[in-house]
Structures are given as C-alpha cells and as structure tokens.
Amino acid sequence: MLEERAPIERFLRRSAAAQIYALADLDDAFWPDTRWFGARGGDGEIEALCLVLEKLALPIVYAVAEPRDLATLALVRALARDLPRRFFVNLPVGYESAFADTHEIAPLGQYVKMRLEDPGALTEFERTGIESLGPEHALELEEFYAKRAFGPGEHLGFYARYMLELFPWFGLRERGELVSVAGVHVFSQRYGVAALGNVATTPARRGRGLGRAVCARLARELAARVPLVGLNVATSNTAARRCYEALGFRTVLRYEEAVLTRRDESLGGPRP
C-alpha cells in the first residue's frame, strides 16, 4: 500500500486531465478515507495505480487508465483479496477480464472524462435567476435527487451532503421548486482540480437550456479558482455530451463504470 502523496501525485500528473478525481482525493478532505495501491517500474516510479475511496456508502475502486492497460489490469487483478466485498468501479475499457472469475459484474456502461479547454465559451450561456446552493439546502437537494431529478431507469448519481461543503452549487427554480442543479463531486484548491457532478434537470423541463446554464455558471466559478476543471458523462448520453462540448469541454479518456460483488468468499478480504 502507498502512504506518501508525492509519488502518487507525480504519477497522476502524467495524465492530469484524466485524473482529476484522483488528484482531488490527495487533498486532506479525502485522503483519510482512501487506500492507495501501486505497481512500480524498474526506476522505482509508479507505473500503475489503484485507489479505494471509502467516503460514500458504496466504496469506489478507481484505476482509470488507457483502454486495456496491461499494468493497471494486472494490478487490480492482484488486489482482489484487498477490495471490499461490493464496490463501484472506474476502470479501463476491457477490465472484465480482471474480475470475471471472482466477481459478479453489473456494468453501467462506458463513460468519458472531459476537461474544460475553453472557459471563454461559458459566458455565452449565462442567464438570470441562477442561485447559489450550499449546506443549508441539503434536505431540499436530497428530495430533488430522490424524487424529481431522474426518470425511470436513469442513473441516480452520487449525491452526498459533504459535497455541498466543497464549493457552492448552482440551481434554477420554477414556482419556487428546483428544476435544474449543477454541483461538484470534488474540489481541491491545493491540487488545482475540480469536477462537476450531480448535474440534473427534471424530465419535464429538459430541452430548454436550463442544465447548460447552471453548468456554465458553475464551470465559470470553478475555472476562476483552479486550472483543471472536468466531469464524467456516459457515452450513451448524447444530449449531455453535446451540452458539455458547447460549454468548451473536450473528451480526454474513455473508461467503464460498474458495480462488482465478490462471489468467491475464499478470497477473503480485510474489509466487508
């Protein structure tokens, strides 16, 4: 297990635009809830990295790399006994071979990581009525995500109250009710990174540019404070990808998400 942040950061900076989430997890706000594993090359430097984040109800195993990266796949395969029994993954395209013999795999599809490359485009989508949201809106946002933000079969995302303390969120209302929200998953001034997350518009209000407006406001505020702003989006979500491209985001890496459950109890594991 890796215990020093500096060599981890050196590895992540090689592909920083694709590693925004992991870089943020080096920050003190996340570091105590992480475990880091690495494989080193002949020069002693890290050549593959796997992070286990246990800050949410479902642990996240994060080992983002180029599709079918052999060093990364070998590392996550070797870690099978060190991982929680059930967990969410961000892994390279082609990861299934690393877990096919030991885990039940519930795939959530392919995603892309996008980086904001042209902040100048954001002002084009400004509109009135956007308000800042914070910890005082926690209960309202929980109700929004649980009951109104998503249609049948849509992925509910990863909302947690602590995310409201990282950086202001932004939203739009109609008749007093939130109809569109853009928030953050991670933010680190120290490591110069931020990622939009929990972006949602109620199904009846989509197609009107509301999501684009709140994302533009949030991205502009983030870009004023850190040099690397990114997000994740499903490759199948064509409308969202077009929205983010219009805002100046560009794809930097394709990867896969899934939920894995260990079926071979003989593997054991230090954490249930």
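Modeller: **The sheet and its surroundings**

Eleven strands, in the order E1-E2-E3-E4-E11-E5-E10-E9-E8-E7-E6, form an open sheet with mixed pairing, where strands (E, at least two residues) and helices (H or I, at least four) are DSSP runs numbered from the N terminus, and two strands pair if DSSP finds at least two bridges between them. The edges are strand E1 (34-40) and strand E6 (131-133), each of which pairs on one side only. On average, neighbouring strands of this sheet are turned by 25° against each other, direction ignored; axes are lines fitted to C-alpha atoms, for helices over the stretch in contact, and angles run from 0 to 180 degrees between N-to-C directions.

This is a predicted model, in which local features need pLDDT of at least 70 and side-chain atom pairs count only at pLDDT 80 or more, while totals for chains, interfaces and linings use all residues. Residues are numbered from 1 along each chain as its sequence is written, and side-chain values use heavy atoms, with hydrogens and water left out.

Within the sheet, strand E4 (residues 86-92) runs antiparallel to strand E11 (residues 249-262) and is joined to it by seven bridges, with Val-89 standing opposite Ala-258 in E11. Helix H1 (residues 5-13) packs on the sheet, touching (heavy atoms within 4.5 Å) E1, strand E2 (46-53) and strand E10 (228-234), and its direction makes about 110° with that of E2. Helix H5 (residues 138-148) lies across E6, strand E7 (169-174), strand E8 (177-188) and strand E9 (193-201), running at about 110° to E8.
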